[in-house]
Amino acid sequence: MKKLLSMAFYIACLFTLCQCTTLKPVAQEQNQDWVNMFNGKDINDWTTKIHHYEVGDNYGDTFRVEDSIIKVRYDKYEGDFNERYGHLYYNTPYSYYHLVIEYRFVGELHPGAPGYTIKNSGVMFHSQDPRTMLKEQDWPISVEMQFLAGLEEGSPRPTGNMCSPGTDVVYDGKIDPRHCINSTSKTYYGDQWVRAEAIVLGDSLVTHIINGEKVLEYTQPQIGGGVANGYDPAVKIDGKLLKEGFIALQSEGQPIDFRMVKIKNLKGCMDPKATNFRKDYIKSDPEACIYK
């Protein structure tokens, strides 16, 4: 319960901009300690895993950096898409954090990609280590914040949804059998930039935010369910709560751009006697404390 209250406090500060005097120090701290996961120059801090290929093989230069943007492209592919689902993993795992991504859809779906992947991508979190994925594993065991764009005016297609390859989540008080749970977001059309945020509290509360509006919440991400195929059975321990994992940008046949990927760690020193104490941490990490 204390964890949930701390999380609620953090989110309340986020949405009210901490206008009251007692919350101003927290607001100031929220501007500190953001890590730019994408440095605007290269993806040296990231690792690729593409279905049908070994980890580290960025087939066809799928993930590339141009104009200070991470671009997902398929112009160097030979033949049809052939289920070459790919993911670009940041090399550092996280457990409690606030993630911010700005994305836009561009171009046309690559020939042979499934129809449902048109203007469809996402970010995976609490993912298994890509080095534990087999060559023929299609999706990582992870939770996805799914990104979608509208296809035709008047037909709602929300973004910031939750999808669950090899995982389950608790929604409305029970494990939800659906692979994807729609958010309450607006539908965004064309190639406009969209700001997506995920506030992840270990194996407890997860909040999705689109363009500043909270659109979905769920709890207890855990291994389970289907959809992921070709995995090592030793990795898929159904019912195991996911406390931490890797973060990965997705590639599934639709060109997409990412111009910002940054993260704020919410796990750290919560001892007021330490020099690196911060009020806005959600999870205590005594080993991180520094004393004079």
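Counting aromatic pairs in this predicted model gives 11 of them. To picture such a pair, you need two things: how far apart the ring centres are and what angle the planes make.

| Pair | Centre to centre | Between the planes |
|---|---|---|
| Y53 and Y59 | 4.6 Å | 15° |
| Y85 and W139 | 4.3 Å | 25° |

Are Y53 and Y59 buried or exposed? Y53 is buried, and Y59 is buried too.

Now for the other row. Where in the chain do Y85 and W139 come from? Y85 belongs to the loop between strand 4 (69-72) and strand 5 (86-90), while W139 belongs to the loop between strand 7 (120-127) and strand 8 (143-148). That puts them 54 residues apart, so this pair ties together distant parts of the chain. Y85 has a relative accessible area of 5%, and because the cut-off for buried is under 20%, Y85 counts as buried. W139 is buried as well, with 9% relative accessibility.

K262 lies over the face of W34, 4.8 Å from the ring centre. Over at Y281, the charged end of R278 sits above the ring, at 4.3 Å from its centre.

Definitions and conventions
Residues are numbered from 1 along each chain as its sequence is written. This is a predicted model: local features need pLDDT of at least 70, side-chain atom pairs count only at pLDDT 80 or more; totals for chains, interfaces and linings use all residues. Side-chain values use heavy atoms; hydrogens and water are left out. Rings of Phe, Tyr and Trp (its six-membered ring) pair if their centres lie within 6.5 Å; planes under 30 degrees apart count as stacked, over 60 as edge-to-face and the rest as tilted. Buried means under 20% relative accessible area, exposed over 50%, partly exposed in between (1.4 Å probe, protein chains only). Helices (H or I, at least four residues) and strands (E, at least two) are DSSP runs, numbered from the N terminus. A charge sits over a ring if NZ of Lys or CZ of Arg is within 6 Å of the ring centre and within 35 degrees of the ring normal.
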